[in-house]
Amino acid sequence: MESSKNINQIVADKTLDATLQTVAKKVMAGERITEAEGLYLFEHGDLGYLGSLANFIRERKHGNRTYFNRNFHLEPTNVCLYTCSFCSYSRLIKKRSEGWEYTMEEMMDLIKKYDDEPVTEVHIVGGVLPQYDLKFYTDLFKSIKAHRPDLHVKALTPVEYHYIFKKAKVTYEEGMKLMKEAGLDSMPGGGAEIFHPEIRDEIAGGKCSGEEWLAIHRAWHNLGMRSNATMLYGHIEQFKHRIHHLEALRSLQEETGGFQTFIPLKFRNKGNQMSHVAESTIIEDLRNYAISRIYLDNFDHIKAYWPMIGRDTAQLSLAFGVDDIDGTIDDTTKIYTMAGSEEQSPSMNTQELVSLIRGVGREAIERDTLYNVVKDYKDHVFAEDTIYKGYVSLPVVNK
Ligand code: V47
Ligand code: SF4
């Protein structure tokens, strides 16, 4: 896929103002942009300009390669102690009978349903409740590993860990070590929302702070382990809060190098207390992907979560800095369908996902959680290949 202009044209464009020219030169030279420049991009960068820079970085890092992973989600409960106003789960605490609270046996039965599937990862995420304590989760991780040792366990967020470690009276360092010993392989990026207290207190009051979220990831990285990071954007935050968030992630990454992927999460407004807040436009979503790619120079990957943004925007995002698409197989997660995601029953088989990637001239690579290549689909021919309309094979211009 080709952005409107290549980097040389952008750098040579004398109609750009001084800051946009400086940023373009920095990007071309592989230099880091400042917080003030990042904010300027949010305020003044148009889509074509941002896309060209982000695509240049994306292709310098990954060429045409676009990653995906075969995983499934497991949600122990959809009831939660907290009442984050953007969350479509939180209302259920008042109507607990409408929710589910799986026992250990039920969780293991759900894991076993995937015994014959070629999945490499289970992503465990859900609400916070007292019975899901340190012992429950260490027992769960041990049982999963005993049953299927090769299944990568990517589980829980600092929101759960902060709660269960406090209850068990262990430090973050001790707690994360116990999790590692029980079989936790990596931590997903959830619970980050917006770190800045001006916004966090308003939309996610009561749960772990931005500082605590970062401290738990630091403790995990210090054990030599990897994790992801997210940002929930497009609600009541301002651009300055997004830059504050990206800066906190970039500086922790500088310290530990433990983050693999950054996943911007578009706020969806159905079925929650923030339904009156308008959702961001697709233009803003693409600008946000692009600025994330430009700002987070020390992150290897930017991921789009397609069940949330839909197939078309996911395809477009591959020209705006994204090199990884999440959500394959039978993705049964409810958290997004309840929030009004684009896809009401989000599932895409491997052939559909590979076709989606090929449809914009990219090369599909199946990876495991740690980005080891499982299968390169470059020369793979499906029995009945579905090539998306408009498919054209484009050269990688900025390698
Ligand atoms: O932290 C909740 C978000 C997150 C809404 O690490 C919402 O590979 C939009 O982090 N609109 C959890 N977003 C999911 C998550 C994730 C997803 C995919 C991959 C990975 C990974 C991590 O979902 C929560 C919150 O920020 N969320 N409600 C909503 N209404
Ligand atoms: Fe609970 Fe997480 Fe929803 Fe907040 S976002 S209410 S912590 S499930």
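Reply: Start with Y67 and Y371, which are both buried. Keep in mind as we go that this is a predicted model. Searching the whole structure turns up 15 aromatic pairs, and Y67 with Y371 is one of them: the ring centres are 5.7 Å apart with 80° between the planes, an edge-to-face pair. What parts of the chain does the pair link? Distant ones: Y67 belongs to strand β1 (residues 65–69), while Y371 is in the loop between β10 (363–367) and β11 (373–376), and 304 residues separate them.

Buried means under 20% relative accessible area, so Y132, at 2%, is buried. Y137 is buried too, with a relative accessible area of 2%.

R250 puts its charged end over the ring of Y295, 3.8 Å from the ring's centre. Over the face of Y377 you'll find K375, at 5.1 Å from the ring centre.

Next, look at helix α5, residues 104–112. Its buried residues are M104, M107, M108 and I111. Looking down the axis of α5, those buried residues fall within an arc of 95°, so they line one face of the helix. That spacing makes sense: an α-helix has 3.6 residues a turn, so residues three or four places apart point the same way. And what do the buried residues of α5 pack against? Strands β2 (71–74) and β3 (121–124), plus helix α6 (134–147).

Last stop, the cysteines. How many disulfides does a search of the whole structure find? The count is 0. As a reminder, a disulfide is a covalent bond between the sulfur atoms of two cysteines. Two cysteines to click on are C80 and C87: C80 counts as buried at 11% relative accessibility, and C87 counts as buried at 16%.

Technical notes
Residues numbered from 1 in each chain as written. Chains lettered and ligands numbered in written order. Predicted model: local features only at pLDDT ≥ 70, side-chain atom pairs only at ≥ 80, totals over all residues. Heavy atoms only, no water. Buried < 20%, exposed > 50% of the residue type's maximum accessible area, 1.4 Å probe, protein only. Helix = DSSP H or I, 4+ residues; strand = E, 2+ residues; numbered from the N terminus. Arc of directions from axis to C-beta. Contact = heavy atoms within 4.5 Å. Phe/Tyr/Trp six-rings, centres within 6.5 Å; stacked < 30°, edge-to-face > 60°. Lys NZ or Arg CZ within 6 Å of the ring centre and 35° of its normal. Disulfide = S-S within 2.5 Å.
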